Amino acid sequence: MSRPSNREGGLKAGGLRTEDIEQAEQMLGERMQERALGEQRGAGVRGRRALVTAAWTAPGALWLVFFLLAPVLMIVLVSFWTRTVSGFESVWTLENYEFLFQSNVYWNQLWDSFWHSLVIVAAALVLGFPVAYFLAISVTSLRMQIALFIVALAPFWTSYLIRAVAWIPMMGRQGALNTALEELGLISEPLDILLFSDFAVTVAMLQLYILFMIAPLFFMLAQIDRSSLEAARDLGANSFKTFREVILPQAMPGVVIGSIFVFILTMGEFATVRIIGGGQVASVGTIVQTQVASVQFPQAAASAVFLVVAMFLGVFVLLRFSNLREEL
Amino acid sequence: MGREQALTHHEGAAAAAPSKPSASSGLALRSLTKRFGEDVAAVDDIDLHIEHGEYVVLLGPSGCGKTTTLRMIGGHEEPTSGDIVLDGQTLLGLPPDKRPTTTVFQHFALFPHRTVRENVEFGLKMHGLAKDARREKAQEALEMVGLREMADRKPSALSGGQQQRVALARVLVMEPKALLLDEPLGDLDRLLRLRMRVELRSLQRQTGLMFIHVTHDQEEALSVADRIVVMHEGRIEQVADPYTISTRPENVQVAAFMGDNNIFHGTITSREGERLSLEAEDVEICAIAAQDGLEVGAAAAVSVRAAAVHVDVHDESAKGPNQIACAIEVVEYLGDLVKLHLSAGGKRLLAKVAGERYPEFRGREGSTVLLSWKEEDVQALQS
């Protein structure tokens, strides 16, 4: 804390006394806290507290250990084991990785998936930000805000698979979109790109995952004090500068979290790729899935390990854009 | 003085006529109206002129239109009709960033992701000032509000009073033509509020800027203002200096809102020149009033300030005009003064006497006292 004696300036007298009051309040608060602590500080109180904390965190920790940490460790282990006809045996080998390093197909696919995910993240950001902005800032009634947010969540009311499958009658050669475009005379023959193509997979994944971008953006934007936007305008910022200088910096944690969600989810995708890609499109996910299906567990495990490493790299890069610990 | 101020207000009304040249300096509101929806006029045809260097307070209960008026001046709300003219030029149609006004918002509205210094520099940065010049001016402003050492902290690390000062420094650095304050002390606790209002007053004196301050707190208004504009239901009820507002309320709304006024409604029984008597709720009241329209037989209202009444504990019956016997209901001791809550035949009255007299009244609830006042302390009100 600054010492009042250091203070200078035109309002010295006034400032001094307010500062005194504030300091006195603070000291009083601290003293009361100390006393409260002193009364509690019996033997073993601290130990008991630690136990209580441990008890609260135990279920979550156990869950994570059994269902996340252990499986991931298993995958890493299996990736170093030897393949047998019916699965694998615990004989150490680097064969799986040797094979992967020599496989151009795998590396191209990993790079492709990485790149695709980044494109989807960027598209989700560009398309999702206006939606989140509209919901969080343009809509002023809280009731309307919640109602519209629930509507925005509508895709989650049905299963993921149904949403993916629903693309086929919509986007197929004889699908609704092609038929409509033909009827309107905009195209002379059906567009093939709408289904079973890279483009189709990208658009479908964007549609499926954009909400994971909109939701964190919405929550960050909704926290912004509207009067701070008025203050920015008041101090001479036009609407663009207000956006760049006040809104965007405060929304950054949402941008990063949303990007991580979308990146991780699309990077490991295989079901959408299977359904919308119709066997024409592959991803790292489908490669792993194929390897699992052909009982090449150690090979699949090694492929998965690199996928996870690639995801970590992506997350690491994304985290550079915002100091989440401080700003959230 | 009070009459003069009232005249200024009427001149403002005349300025609404298009024939009046608009080259005058200062801020003029002309027939300013704001409607939300069809029927609700938040601000209803107000006229007001404010000079540079003047500290004006818009005072009124919530919903009286004071904040809407301020927001229209700042450009955060578009008037439905009327004009806002600053130094001869209309501000209508200009967005807030193009207006030479800045606002201190009620909840400070600091930018949480920026340091104190960056908050203060923000406006200058938006106006394209170079970094060094910016820094220097921000430093000056921070010193002015006594926050030099806090420059590198985030607003969340400051107390309410310090945040308030940052908000002030942030607008002072802009050297606006008019500084608008929207309930600036509303978020502070009482002790800090009392201190900050003195600081506001002294800042305004130092800078010589036009301050327009919105509040619902009568005491705050009296403490800081050169001139108080009392508003009620979208209209201006009275414009005058604090002393006049306090001692000579023009009408029932002002007298009631300022509080601590005893208001009597009655009928005029006689009039000789400026002296008039009225029969009001079992009391005969004599007053001196120059207003027109106070004819014998007409209904009239008068007010007597709680601080202007004399309380006699040894006398129990009224013997003439401007006297009334009351029962003490509650004795409220406030240190410097004692508030006596009284009742006379169902009518509630209030008297304020010096704190030293508290022993006379302690424990005297239920006993009868005689209230009296001088005729020059009776203020005739327009209804």
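I call a residue buried if 20 or more other C-beta atoms, placed from the backbone, lie within 10 Å of its own, exposed if 12 or fewer, and partly exposed in between. This is a predicted model, in which local features need pLDDT of at least 70 and side-chain atom pairs count only at pLDDT 80 or more, while totals for chains, interfaces and linings use all residues. Residues are numbered from 1 along each chain as its sequence is written, and chains are lettered from A, with ligands numbered from 1, in the order in which they are written.

Helix α10(A). I took helices (H or I, at least four residues) and strands (E, at least two) as DSSP runs, numbered from the N terminus. In α10 of chain A (residues 226-234), I found seven of the nine residues buried, among them A:E230, A:R233 and A:D234. Their cover includes α11 (239-267) of chain A, and from chain B both α2 (66-74) and β6 (101-104). After the helix comes A:G236, with a positive phi near 110 degrees.

Confidence. For pLDDT, the predictor's confidence in each residue from 0 to 100, chain B averages 88, yet residues 1-22 of chain B stay under 50. Where pLDDT is low, the predicted coordinates should not be read in detail. For the model I noted ipTM 0.79 and pTM 0.76.

Note on methods
Two residues are in contact if their C-beta atoms, placed from the backbone, lie within 7 Å.
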